Amino acid sequence: MAGQNTRGGARRVEPRHHHQQSYHHRGPRDVQSDAEAPKPVFEESVVAFSQSTSPPEKSPTQDHKGKRRGCQAILWFICSNTGLAFIYYGIAKARKWDPPEEEEKVAMNKNRGTALFRGIIHLIPVAGCLVLIYLNASSYYVGGELAGWQDQDFQKLAALQFAAKIHELFMLASLGLIIVTRIRRELIFGEGLPFGAIFVPSGFTNISFLWSQAFGGICFQDWQRSSRKVFSIIMIIICSILGLAVGPSSATLIRPQLAEWLGGGTPFWINATHDQLFPAVIAASAVSPDCINDTGDLSCPAGNWRTLQELYFPYWPLLGPRINGNLPKEIPIQSRYSLRTLHIITRAPHIWDNAYTAATTQVSPLADAIAELGRIWSIAAFNSDTSRLKFRRNAFWMVEAEQPVVFARCVRQLVEDPIPNAKFPLIDSIDRVDGLADSAGLRSMLPVNESSAIQNRLSQPLPSVIWYDGVELMKQLNSSIACIVAVPESNVGPGEFYTCSVSAAYGSSIYRSAWSPSKIVSGSPGGFATNGIFNATHRAVSVDAAWARYLNPTNPSTETTAVSEIMRSAGLWNSTSPTPNDSWEPLVESILATLVANGMSRIGYSAELQMDDLFDREKMLPPGRGLGGGSGEAFTEPSNPSAFSKFNLFVHVEGYAYSPDGGTQVVTMAILGAYVFLVAVHFLWTLWTGWSSGPWGSPPEVAAIALQSSAPAALANTGAGIDTVKVFESRVQVKVLDGKLEMAFDDTGKPGHERAVENKAYR
């Protein structure tokens, strides 16, 4: 063998036979020194590796067999240094090259070019980690469907999980290279290692290695330098934990989440004050006198009452113990630019029991504004050159604001002679029930002498309502308004009347509209379905009797009223399909609650979204390609903001996205970040020192060098297994004897044992 080259530590092997020189077609320039003809780093590494693995002596015939030259040498260098030697073997078999033979190998390389090339194994897993961390940290929005074949998201997500497993294997290989380099350097050039450390490369991926006998031997051995012991133990623990965690972390971060994401928003104004939209006193001053008649005007307090008559109350006759029916809980009601949702709960006996009867719906001007804002946002998303929000499953537009909540409780009283006093329910005496339950009990009522008024209304041909708003009476009842509902005799039953207390308030709610189905606005205050009106956060209001009279308009052509037509449809009066009499009280409560809630929602009906020529719809979208709030205010502030009401629009999009939100996402990103940091430190260290290695990372390689070594006394009686930690505490080094590497324990040292030299090939 020839001596070592001074450049990068690579050895040059000069030809020993004339046949070798002619085989390589060597000329005068081929034997120049490296100082005269410098080579690139990569070429130098290939030459160094191929020469270091050449046998020292071969006959001319042997030199031809198995000799790698040209592209074969480069391919072998790439495959062997990336752990893919089997690929070279397969190509050699297919191309009918001479099969590769085992040759002398360099135990430890000290060459920056080789270290750089071997570092390629870290490139794919580190790049994958950085991409996953970026996608999640930047809240990257994918869209309503994953890229690829349509309607195959299940298969695509499965493919991502498969990719995560491949990514995990690359990361484990990367961690294994870090451990092997550290262990090999200590075995060859250091003070040696505990015998158990040899098994770290094959065992660190199993978390049980941390409580194995091999790891115990590493921890319990008396190292000559405690600093190296601490460093090695910490490194093994970190690599073991990372080996356990990087796979699940990659699988978690690689899979986008299908959810609703914040996709923009903007402040906006409605050209009415807050008091005009949500007044503390519901008065008749703003109502047109024409609303006393049923003209079909949607701005009137009773506007769209026929929807209730047609879509809700016809279900009441279906209630009964043998029918076990149920009632709709949501009814669409009309506004100028939207359909609002009237939410209703009732204490009528049906398959879903409630303790109270109440109704709530959204304020009409605000619902119309949300529907219009949704249209504008959709146009902005479709026309944007940067935002990906045009790709979505759905979009939702939300505004936090108050909306009316109305509760009613009635008591049925039979007509006697003489007419008894009207007994109004005391709202404070109604039991407070949390959650769904049977009808809440009523413990007390307030008698009021209204006999003559009741007698007068019962003598009329149509059902009617007498409204009361006296201040003292309202204080006693703790209600917003009270009424007596008179139902004359009909085919359903004898004449009777109901005394009712009605409580109205405004409760905080989230108005919500969607891209599909469009134009429909919904939302109800928190806890509405369980505790009705009894919520300390609700803002109670007063209702004038003069305003309430507009809730029962008259149809001059048919000489009927809204209440009479609703009672006919509900089977309470003059109906061929009567409602069971045990549901009459909650039925009257539902009529009052829905009419009052619908009327309150139409206050300020003509108010609308304030827009001008300066509005910028692009500002409703998040900046760039990610998620988040709007990039600015799309609408300019009015010159007199006190005459307007300001609200904030929030947009949510339903689709696939990566997100850093949640403890799991943060922890998994931290784990992959720790892996990237560890690899970066190791890679920079190898480039700085030039140290790199490949072998002894697998059990066959460990077994091969062990079989060439002398058995130490510490391994006595271990043929059938190892029971004690002491065996793994034995110190072992790798020494050279007659050009061959072998394991040397403290009791197997031999004369002639030498320390191995970097960049030199051994048997």
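Predicted model: local features only at pLDDT ≥ 70, side-chain atom pairs only at ≥ 80, totals over all residues.
Local features need pLDDT of at least 70, side-chain atom pairs count only at pLDDT 80 or more, and totals for chains, interfaces and linings use all residues. Residues are numbered from 1 along each chain as its sequence is written, and side-chain values use heavy atoms, with hydrogens and water left out. Helices (H or I, at least four residues) and strands (E, at least two) are DSSP runs, numbered from the N terminus.

**Arg-602**

- Arg-602 is in the loop between α20 (584-601) and β21 (645-657).
- Arg-602 is buried yet has no salt bridge; buried means under 20% relative accessible area, exposed over 50%, and partly exposed in between (1.4 Å probe, protein chains only).
- A salt bridge would need a side-chain nitrogen of Lys or Arg within 4 Å of a carboxyl oxygen of Asp or Glu, whereas the nearest side chain of opposite charge to Arg-602, Asp-297, is 7.7 Å away. Lys and Arg count as positive and Asp and Glu as negative; His and the chain ends are not counted.
- Leaving aside residues up to four places away in sequence, Arg-602 touches residues including Leu-298, Cys-300, Ile-333 and Arg-340 (contact means heavy atoms within 4.5 Å).

- The 29 residues of α11 (residues 226-254) should span 42 Å at 1.5 Å a residue, and its end C-alpha atoms are 41 Å apart, which agrees. The expected span is 1.5 Å times one less than the number of residues.
- α11 bends by about 35 degrees at Ala-245, and Pro-248 follows within four residues; the bend is the angle between axes fitted to the seven residues ending there and the seven starting there.
- Among the buried residues of α21 are Met-669, Leu-672, Val-676 and Val-679.
- The buried residues of α21 pack against elements including α8 (153-189), α11 and β5 (257-270).

**Backbone exceptions**

- Most residues other than glycine have a negative phi, and most peptide bonds are trans.
- Asn-478, not a glycine, has a positive phi of about 55 degrees; Asn-478 sits in the loop between α16 (471-477) and β14 (481-487) and is partly exposed, with a relative accessible area of 38%.
- Glu-559 also has a positive phi of about 55 degrees without being a glycine; at 63% relative accessibility, Glu-559 counts as exposed.
- The peptide bond from Ser-516 to Pro-517 is cis, with omega near 0 degrees, and Pro-517 is in the loop between β15 (496-514) and β16 (520-522).
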